[in-house]
Amino acid sequence: MACSGNLSRATPISGTDPKPRNTQDGGGESGLPCDAGEAMHTETKTTNPIFLENEREANRYSCRCLQVMALIAALAWVLNLLDVFIVPPAVMNVSMPLCIFSFLLPTLLMPKMPQLGGRFQYLIMGCCILGITVLSIAIPKHTVLAWIAPVLLSCHYYSRKLTASALAASVVCLCAAGIAGLFVGEGDPNLIKAFSAEEAVITGEIFQEAVLFFLLPRSAILVGMAFVCITVAKRTRSLLERQAADSSARQRIETELNVATQIQADMLPSIFPAFPERSEFDIYASMTPAKEVGGDFYDFFLVDDDHLAMVIADVSGKGVPAALFMVIAKTLLKNAVQVGLSPKEALETVNNQLCENNEAEMFVTVWLGVYQISTGKLTAANAGHEYPAIRRADGSFALWKDPHGFVLAGMENTRYREYELDIGVGDTLFLYTDGVAEAMDGANTLYGTDRMLAALNQNRTLGPKGLLQQLKADLDRFVGTAPQFDDITMLSLQRKAPAVRQSIQVAPEVACLPQVSEFLEGLLEEQGVPRRVIIQAAVAADEVFSNLARYSGAASAQVDCAIQDGRVVLRFVDDGTPYDPTAQPEPDVTLSAEEREIGGLGIFMVKKSMDRVSYAYEDGKNVLTLEKRW
């Protein structure tokens, strides 16, 4: 095939629920049915984190209480050794270790609490009752009040079943300990007043009096105290259930707000560079809402190949209402501009649309501009928004005090004024909402436009992205730990010189390699590219085109070269077999030439000499892009 290249000099490229669920079915204060059984409570406890955490905390609290009771039992043992209690030493030496062990067993089993689950609370109650029973048998007259402990501890779990079980076991054990105390231990003088010390015999009369006049009244008092504890526990449980319901509602709202935040973020342009194929301008924007969702918004979009629309706005208020109004305003503004209305006409049309049925009396400030990419002419209108700032290529940022109109949705049939502004090559436009200038530090000092301009000028050599990031960093340093009261939204546009771009169509043959080299080196030298960069680009192009000619099986090939802002971009396009050279493993250059596998070294050298190498398969063609900066 003849190696006839078709060199085309392109004109400088123009920049381009279902049914709502009823959660209040019952009449209970907690929002649950009044007749909900213990099964529902148990299910709630086992599934709701609030109840689970409360149960774990109650277990820890109960273990600490039993530790105190173990200390009391140990003290009683010591006092008996000092003859304060008149209990046979054999009885104390047997009962006290058992009593202390019972009180301390739950603490020893604390590491097993997660495995035991709800059974751990029954273990605590059992150990508590067993320890008090042993203590009451040994020294009954000093342990009367101790029997309330199991019921008091059980009420921390807010379970009627557990409290009833603790009560029943306590009553049985209280009676058993009282009877056993007649025969062993110190003895209770109230129970054995007719005791004949000489004969040491418990008569039937003594036994009857002990049961009727002491054990049964004490059991009745214990039952009465249990009902008080149950009432307190039920009331507390009701409050906890309400807290659980509120927590669930808050969690649902937070989830919905997170979804709303994501939806709002998806509505705003967020992929940068926004127009990678357009080299005549650079644009960047950011929004930091004060709440989960905000009322500020920005937008930019191509109306046609030569016009870029830009919008920045601030809705009155914050949160969900402002976000909903923002969605409406943004949609209406974009539609108005896309149908061909000028900024002035778009604001007037959207203002009347927003005024209809605006019972919430919300409004929005808007700056709207349409930028002509080929000439740099900006046509804009301002509806009560902040003054834009502009920096000429050889100057500093300053406010452009454009004519202001009334806010949108404030009054029907409002008229707006339009103005024109020439954006030269290297000029930068900066737009923002009042959340920037009105940000405050901990002493309620405003950030202000003077600080904003100073931060912009300090970073004026940066592109739009770096400019906005540095301004946000300066703003954060100023605000410090003070809360953010308003949304912070910024947008910046910079006009750039159009790229010099040329392309050549050649046959994918090794014989055409000199033609490709001549094309590239001639263009790069003509544009004043440093000789070092020319050599690196030529070597890389030689390697890529050689591989393309030898292995691609392509029928046609095209080489593009674009030069702009200290950057050379080479694109190799062919219709051969799909192949991504960037995905191939890099050769181990630490091995000797004999040990290395054949191949792969050429593309490795290309990657090392270029700043960026990327591959794409588009419209049935391989596209390999090389980028080199200087």
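User: Which side chain makes a polar contact with Asp296?
Analyst: Thr433. The two side chains are joined by a polar contact of 2.8 Å. That term means a pair of N or O atoms within 3.5 Å; within protein, one must be able to donate a hydrogen and the other to accept it, and residues adjacent in sequence count only if both atoms are side-chain atoms.

User: What should I know about the source before going on?
Analyst: This is a predicted model: local features need pLDDT of at least 70, side-chain atom pairs count only at pLDDT 80 or more, and totals for chains, interfaces and linings use all residues. Residues are numbered from 1 along each chain as its sequence is written, and side-chain values use heavy atoms, with hydrogens and water left out.

User: OK. Is Asp296 buried or exposed?
Analyst: Buried, because its relative accessibility is 0%. The cut-offs are under 20% relative accessible area for buried and over 50% for exposed, with partly exposed in between (1.4 Å probe, protein chains only).

User: Where is Asp296, and what is it in contact with?
Analyst: Asp296 sits in strand β3, residues 296-304. Strands (E, at least two residues) and helices (H or I, at least four) are DSSP runs, numbered from the N terminus. Beyond its neighbours within four places in sequence, the contacts of Asp296 include Gln264, Met287, Asp314, Thr433, Asp487 and Thr489. Contact means heavy atoms within 4.5 Å.

User: Switching to the open sheet. What's the strand order?
Analyst: β2-β12-β11-β7-β8, 5 strands with antiparallel pairing. Two strands pair if DSSP finds at least two bridges between them.

User: Which strands are at the edges?
Analyst: β2 (281-288) and β8 (397-399). Each has a single partner strand, so one side of each has no neighbour in the sheet. From one strand to the next, the twist averages 15°.

User: How much of β11 is buried?
Analyst: 5 of its 5 residues. Thr428, Phe430 and Tyr432 point one way, and Leu429 and Leu431 point the other. In a regular strand the side chains alternate between the two faces of the sheet.

User: Which helices cover those strands?
Analyst: α12 (residues 448-458) packs on the sheet, touching β7, β8 and β11, and its direction makes about 155° with that of β8. α13 (residues 464-479) lies across β2, β8, β11 and β12, at about 150° to β12. Axes are lines fitted to C-alpha atoms, for helices over the stretch in contact, and angles run from 0 to 180 degrees between N-to-C directions.

User: New topic: α15 and α16. How do they pack?
Analyst: α15 (residues 531-551) and α16 (residues 601-609) pack at about 150°, with axes 9 Å apart. They are therefore roughly antiparallel. Angles under 35 degrees count as roughly parallel, over 145 as roughly antiparallel, 65 to 115 as roughly perpendicular and the rest as oblique.

User: Which residues make that contact?
Analyst: Gln536, Ala540, Glu543 and Val544 from α15, with Gly602, Ile603, Val606 and Ser609 from α16.

User: Which residues other than glycine have positive phi?
Analyst: Asn357, near 55°, and Asn413, near 60°. Asn357 is in the loop between α10 (343-355) and β5 (364-372), and is exposed at 75% relative accessible area. Asn413 is in the loop between β9 (404-405) and β10 (418-422), and is exposed at 55%. Most residues other than glycine have a negative phi, and most peptide bonds are trans.
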